[in-house]
Amino acid sequence: MADQEYKPSHSPDPTEPADPDAARPPATPGTGADRTSDAVETVYDASTGAAAEDRVAVASQFQLMWWRFRRHRLAMFGGIVILLFYSVVVFADFLAYASPQASEAERSLMPPQRVYLFDDGSFSPHVFGLDSRRNPQTFQREYFANPDDKIELSFFAEGFEYNLFGFIPTNRHLIGTKDREIGESVFLLGTDVQGRDMWSRLMYATRISLTIGLVAVIVSIALGVVMGGLSGFYGGWVDMVVQRMMELLYSIPTIPLWMGLAAAVPDHWSILRIYFAITVIIALIGWTELARVVRGRLLALREEDFVMAANLAGASQFRVIFVHLVPLVLSHIIAAVSLALPAMIVAETSLSFLGLGLRPPAVSWGVLLQGAQNIQAVALTPWLLLPAIPVIVVILAFSFLGDGLRDAADPYGM
Amino acid sequence: MSANQQITTPPGDTRVIGDTILEVNSLKKFFPIKKGFLRREVGQVRAVDDVTFRVRSGETLSLVGESGCGKTTTSRCILRAMKPSSGEMLFHQKDGRVIDLAKANRSQLRPVRREMQMIFQDPFSSLNPRMTLLDIIGEPLLVNGIGNRREREDRAAELLKLVGLRPEFLSRFPHAFSGGQRQRVGIARALALNPRLIVADEPVSALDVSVQAQILNLLMRLQNEFGLTYLFVAHDLSVVKHISDRVAVMYVGQLVEFAETDALFHHPKHPYTSSLMAAIPAPDPRKRGIRARLKGEVANPAAPPSGCYFHPRCPHAKDICKQESPIFEEVEPGHFVRCHRARELKLTGVPELDNSGAVSASDS
Amino acid sequence: MSTEEAPLLSVKDLQTHFFTDEGLVRAVDGVTFDIHRGKTLGVVGESGCGKSVTARSLMRIIDRPGKIVGGSIMLRKPRNDGSNQIDEIEIGELTDDGREIRSIRGESIGLVFQEPMTSFSPVHTIGNQIIEAIQLHRPLDDRAARNRATELLTMVGVSRPEERLDELPFQMSGGLRQRAMIAMALACEPDLLIADEPTTALDVTTQSQILELLQDLQEENGMAVMLITHNLGVIAEMADDVVVMYLGQVAEKGTVDEIFYAPKHPYTKALLQSIPNIYQPSRVELPTISGSIPHPYNRPAGCPFHPRCPEFMPGTCDVHVPETLVSPTGQHVRCFLYTEGAVRIDREEATAGKDASQ
């Protein structure tokens, strides 16, 4: 061979040695399954069995999803916020310090108290008691902090009795006062017209609002998966019927439908029954989106070769559906749920705000916001609008989370 | 650094070509064309239109043709992933019984499925991303109630070794593997039940060219080792020439030529076969040149032309070709052609024993 | 068409990297080649070799997070005013989506994709899309543009072009769509046609028609063609010069005769031998390239081909990056086998070490 004739070319050749970084094992295998891109194909050769690769290789789809999800900062943040909110759901009694129904006309519309953490340089959280006085001109009750009436706060204090997790009787609360009845002296977020403590009510409202969405979503998942599953797996006339049904539900304007259904809920029902009725109403309208997702995925998956391979191996219909198809749809359902939940929460809030959903004495975000329906409230007692903040925060957090989940759930996406 | 060092000798071809394993007689598969709101049937796509051939045990029989010619539909009918419109497909089972796959129901098909497996084209779609290799390869064993967990694991490890993967990979998921490696997994799954007939649907066309040869070699090795019968469906004539004993060429749902590989490639008797071969660009810049290129497009299987389906594109068409549809007949022993002029035409195929190609000259 | 003339397009040390969340992918990592007027440059390679990214870099249509990070793309464009002046345009330095690069796309460089279905908008007729492409670069009224579109379809061998103009992409067969795609790319008589796997989605008989069409068009108007494919048969049939790419680098470059009859790089050799071909006897075990293409995030150190190379030299190929070597006939190869023995390798080592410390 003419080996000797070869000379280095004069073109500016990149003779730099390979970047050691380039040879490191992949951080995640996310793009490995990309089937279209010319540039991406996963290869883990038998010869290169680095530990990190092995970890990736034996990672289940859910682990891969988790790794991909973890890199989505906003989604992680959203997830943490939502976890915090749901811990409020679980520990609402513990976080509240007053009974949400304890009202007292004397304490009507008190503004939030300022919390002082230090007293004379030493840590001693306290608030000052509020004295009230009627304004002789406006006849409004006005409140003043009394600097002599120092109310010391303590943590894990005793308060009203409740059952932790529904079955552990206890009377411990996050905060309490040393020597005073806390329900009558501490109002962190002020009070409403009837003198009920907003902070405590907000805790209970969070519990109701967030669970109503959850229950509604569970009902819609059940409906959506069954209907979408039937539609997607069997196709043909079943698909036809389900599709037309979904279109019918879609075509009905939502607000009048809600209003009609909510109005049909009898007045004399207990809070619990109304709660469930509202849930079901929301779910009945909400399932179509999930059914659409499930159907679409199933229609696509049914054509995948591994389904045919399972059939050819002699697998039963049951096995094909539950071992092959359902787990693959699951991740998409999770993502769809995280996007459906905020819609449900907003639905409940709006219904209750309009007076069509939950009604007092039940407490939910919507019910709380009812108290701030007029312009007077906005002008004079702005703290009544505080329940809007958790609504906004939760919806945003769910959107971030849903985005991240959706990206992570798509096994072939970047 | 002689490049010739890499060329290996042909493998010891120890196969025994035996009796018929599958007889396909007048197989037809028509798809209805539905139109309008009431989905009224307005016509039919004759995807497979009267196909007859026999597969002998131990051989590789290839179905070739361009897209839409019905080769894939034929293979899906044989596997009964689709129900044929008419015709029979007689499968000779291991125990000597003969079953007509076309008429068998689900429970009758179950035992036959063990003897008949498939290798897929797309190595990504063919493996469930949620399952480990053990679950994937062990599935045929599991659903057929073969062995306990331990035994299935051993068998799966053994199968992995057989296809050239490490048994340690059993706990891994498909995403950890390249296209070629996944295709090996698919092959291992197809072998799990010790099938006799394997339908391979374009098993290398989705792979990188440098990996195709690995898979073709593997398929041939496994065939030698286990006496497998392959029904190979492909569009790439080079791959088909490489692996087949006999080749069936399809055009618009019909077989147009069927012969031993060498006879078909060196002495084609149907003008379509000949034009197909002429259309393949040779991997040799010194063999460039104007070839007789086929004009026009493949006929529409919903409205095929009169007479011979190929006549509008055929350089040798005569009046009879436009009027009468030719029959599929044996013009030479073992060489079937559907052409009015099969006996008179002298068609060019691939030159015989041509070793002056670029490949062998690469060391000059 | 003498090759003495300055090349139409000179690509030097082109580097296009993708900055993904998972890490840096050097999709194109130092690619150098020239394209001459009236000639066809074949670019061969498998998935992940960077051949498509190279083509997209030339037109500056790289998807995010990809970026040209180095090298030059010099286009020599004749002036339209009839003088013999040639403008030298550095494509790599043009602003993203600026007026200049947009005028180069279509007017100087036309592009044909693998799947014409996705390159056409499904809701507009073929005619409207070709007419739009024409009017983007030529001041023609609708009637004149339509006439030009008819002319183009006739040129690419579409029968009944007047009727076809009013068809939607899905109403056409794959071959016809590909012809229409070529017609659109040729709308403004580009100096260079980039065809990225133009026949991969087509059947062999259609493929041969399209290849013949490309040859005829090139003969007629003397444009340069950059033909990207993994099919060595197509390369042998069409190309004048060939670039063999592997993992973003040019492994070997030469005339088509050199590549097929005197390949130097072990990858080229192995590729040529491992591909089944109808001129070989059947049922012979093929020589294979072991292993598979590495993951782009997991690029081997040294020569990227070394883990699969039959001529692998431990201590050299896995440590150092080979330099491109040029033979007197102009054949380029990037492989340590052709350096002048051990002494040469030592020097290589020295420079590589120095570079590493920088």
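A residue is buried if 20 or more other C-beta atoms lie within 10 Å of its own, exposed if 12 or fewer, and partly exposed in between, with C-beta atoms placed from the backbone. Keep that in mind for the first stop.

This is a predicted model, in which local features need pLDDT of at least 70, side-chain atom pairs count only at pLDDT 80 or more, and totals for chains, interfaces and linings use all residues. Residues are numbered from 1 along each chain as its sequence is written, while chains are lettered from A and ligands numbered from 1 in the order in which they are written.

**Stop 1: helix α3 of chain B**

Select residues 133–143 of chain B, which form helix α3. Helices are DSSP runs of H or I with at least four residues, strands are runs of E with at least two, and both are numbered from the N terminus. Colour the buried residues of α3(B): B:Leu133, B:Ile136, B:Ile137, B:Gly138, B:Glu139, B:Pro140, B:Leu141 and B:Val143. Eight of the 11 residues of α3(B) are buried, so this helix is largely enclosed by the rest of the structure.

Now show the cover. The buried residues of α3(B) are covered by elements including α9 (305–313) and α10 (317–353) of chain A, together with α4 (149–162) and α5 of chain B. Contact here means that the C-beta atoms of two residues, placed from the backbone, lie within 7 Å.

Axes are lines fitted to C-alpha atoms, for helices over the stretch in contact, and angles run from 0 to 180 degrees between N-to-C directions. Angles under 35 degrees count as roughly parallel, over 145 as roughly antiparallel, 65 to 115 as roughly perpendicular and the rest as oblique. The two helices α3(B) and α5(B) are therefore roughly parallel to each other.

Pick out the contact residues. α3(B) gives B:Leu133, B:Ile136, B:Ile137 and B:Pro140, and α5(B) gives B:Val185, B:Ala188 and B:Arg189. By class, this contact has six nonpolar, no polar and one charged residues. Nonpolar covers Ala, Val, Leu, Ile, Met, Phe, Trp, Tyr, Cys and Pro; charged covers Asp, Glu, Lys and Arg; the others, Gly among them, are polar. Step just past α3(B) to B:Gly145, where phi is positive, about 65 degrees.

**Stop 2: where chain B touches chain C**

Show both chains. The contact takes 54 residues from chain B and 47 residues from chain C. On the chain B side, the elements that give two or more residues are α5 (179–191), α6 (209–226), α7 (237–243), α8 (261–266) and α9 (271–279). Helix α6(B) makes the largest share of that side, eight residues. The chain B side divides into 27 nonpolar, 18 polar and nine charged residues.

Zoom in on B:His242, in helix α7 of chain B. Buried or exposed? B:His242 counts as buried, with 29 C-beta neighbours inside 10 Å. Beyond its neighbours within four places in sequence, B:His242 is in contact with B:Leu216, C:Pro276 and C:Ser282.

**Stop 3: helices of chain C**

Select α1(C), residues 51–59. Eight of its nine residues are buried, so α1(C) is largely enclosed by the rest of the structure. After α1(C) comes C:Arg60, with a positive phi near 60 degrees.

Move to α4 (residues 126–137) and α5 (residues 142–155) of chain C, which pack at an angle of about 110 degrees with their axes 9 Å apart. That makes α4(C) roughly perpendicular to α5(C). Select the contact: C:Gly127, C:Ile130, C:Ile131, C:Ile134 and C:Gln135 of α4(C), against C:Ala145, C:Arg146, C:Arg148, C:Ala149 and C:Leu152 of α5(C). These residues divide into six nonpolar, two polar and two charged.

**Stop 4: chain A**

Finish with chain A, which has 13 helices and five strands. Of its 414 residues, 40% count as buried. Colour domain 1 (75–90 + 201–409) and domain 2 (105–192) of chain A, with bounds from an automatic or database domain assignment. Their C-alpha centres lie 37 Å apart. Each domain gives six residues to the contact.

Last, select A:Thr206 in helix α5 (residues 198–234) of chain A. A:Thr206 counts as buried, with 25 C-beta neighbours inside 10 Å. Not counting residues up to four places away in sequence, A:Thr206 touches A:Phe85, A:Val88, A:Val89, A:Ala92 and A:Pro390.
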